Amino acid sequence: KGRVKTLWVCSSCGHTEGQWWGMCRSCDAPGTMTEVLDGDSNDGKIGGGVSEKVGSWLPKKEGEVLPIRLKDVQRVLLMLRPGLFGNEVARVLGGGLVPGCLVLVGGDPGVGKSTLLLQVAALISEGCDFGGPAPVVYVSGEESIEQIGNRADRMDIKTEELFLYSSTDIEDIIQKAHILSPRALIIDSIQTVYLNNVTGSAGGLSQVKECTSALLRFAKKTNIPVLLIGHVTKSGEIAGPRVLEHIVDVVLYMEGEKYSSHRLLRSVKNRFGSTDELGVFEMSQSGLQAVVNPSEMFLSEEYAGSEVLAGLAVAVTMDGSRSFLIEIQALCVSSSTVSRQVNGVQASRADMIISVLIKQAGLKLQENLAGLLFIIFLEFPIPNNIAFIGEIGLAGEIRTVPRMDKRIHTVAKLGYKKCIIPKSAEKSLATSVYEGMTVVGCRNLKERKSLEF
Ligand code: TYD
Ligand code: MG
């Protein structure tokens, strides 16, 4: 025991090897194998030999492991209590919580995960169409129950059936939770809990993996949904939730800018539903509130008002499977003392777009330009309910980009009225309907028609 072994873990998919490889043999990503020191392992199988012991607290009735006839399989969904907040969370979950599911809620420290799940815990315990109030256990390894109690007071949570517990020992947590037979179990966070027989400290790769597996078995056997909080570090730390994404059923990510009060809850993986869903919340003294009219949150203050400013345009980009709305700001001045400045966009890309604007759209931007979009050059303001999707080709043509449908959905979801897309993408979208939004195809940069607002 205590022997330290070197493991190589893919930071992209979590695949583990006993030796270094130039690329991940599981997901083929190059250069992602990262060294991890791990205690007492064998052949790259992390925490080997632990599972037997972990399972000992679980009821071992024969019938539980028999195959179940299709028509006898339960298809219950725990709907959250109706209301703006409940609806927003339920939508991201794909309609509600499935019995026995294991949900991971990831996000940067301080983004609001504990607050969100405390509110969700209260909602579930209050009950709705699945019955009246029932126990929900909220376990924290990070805060004392007094701290959580204070937070619950601030958030005006009054439910009788919310149980708080402060512990980091998974076996202890599961035992105590099992006694109450709760409607849901919440663990804050996976990085603070540990299993006695697994070497390595809490938050380490083997602990995180084994604890999650134990919770998965608990959820599956008891049908109690388990919601896990996981911190994501900026560097995408190896023992973080990336590794867990394979084990759990549902992965939600909570995101938000440091200086903004808005928070997004995004579904990244869902074995029971769509991953296109996006929940939008605003932080307040009394916890997270669902945002009814989210289109304003991505825009600068002035832009969100009635005034229309020249130089701002909204576009949609993808990051992996996730879509983001971004605001592009540009400014042109006729002064030779100002050099071209680019912020947040690759300078070489900006140069290329500017070249295309000069050559293909006929804009005389050569002499003095400190900007990106020809619209600002023309002093031509874009109404704030329009978004743009597409790639600018060197011939000035607007080319289609991957996952058009998803991008347009994101725009529609955020309340935009019009979306300019590449003409070539129109056909494939012919059957799609976007609520309250018109989609206009555009062939090239010279085509002013689509810009006639
Ligand atoms: P917290 O939920 O503790 O973040 P995490 O668990 O992700 O680390 O929230 C961080 C801080 O923000 C905490 O002091 C509470 C505060 N907060 C509010 O005051 N209102 C809110 O709506 C949210 C989400 C957080
Ligand atoms: Mg927290």
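What does the protein average in pLDDT, the predictor's confidence in each residue from 0 to 100, and what share of the residues score at least 70? The average is 79, and 79% of the residues score at least 70. Over residues 39-60 the pLDDT is below 50, although this stretch still has 44 contacts beyond near neighbours in sequence, a contact being two residues whose C-beta atoms, placed from the backbone, lie within 7 Å. Residues 368-376 also fall below 50, with 35 such contacts in the model. The model scores ipTM 0.97 and pTM 0.69.

A word on conventions. This is a predicted model, in which local features need pLDDT of at least 70 and side-chain atom pairs count only at pLDDT 80 or more, while totals for chains, interfaces and linings use all residues. Residues are numbered from 1 along each chain as its sequence is written, and chains are lettered from A and ligands numbered from 1 in the order in which they are written.

As for the fold, the protein has eleven helices and 19 strands, taken as DSSP runs numbered from the N terminus (helices H or I, at least four residues; strands E, at least two). Among contacts between residues at least 6 apart in sequence, 64% join residues at least 24 apart.

Turning to ligand 1, the residues around it include G107, K113, S114, T115, M283 and L288, where near means a C-beta atom, placed from the backbone, within 6 Å. Two or more shell residues come from each of α3 (113-126), β11 (278-284) and β12 (287-290), and α3 gives the largest share, three residues.
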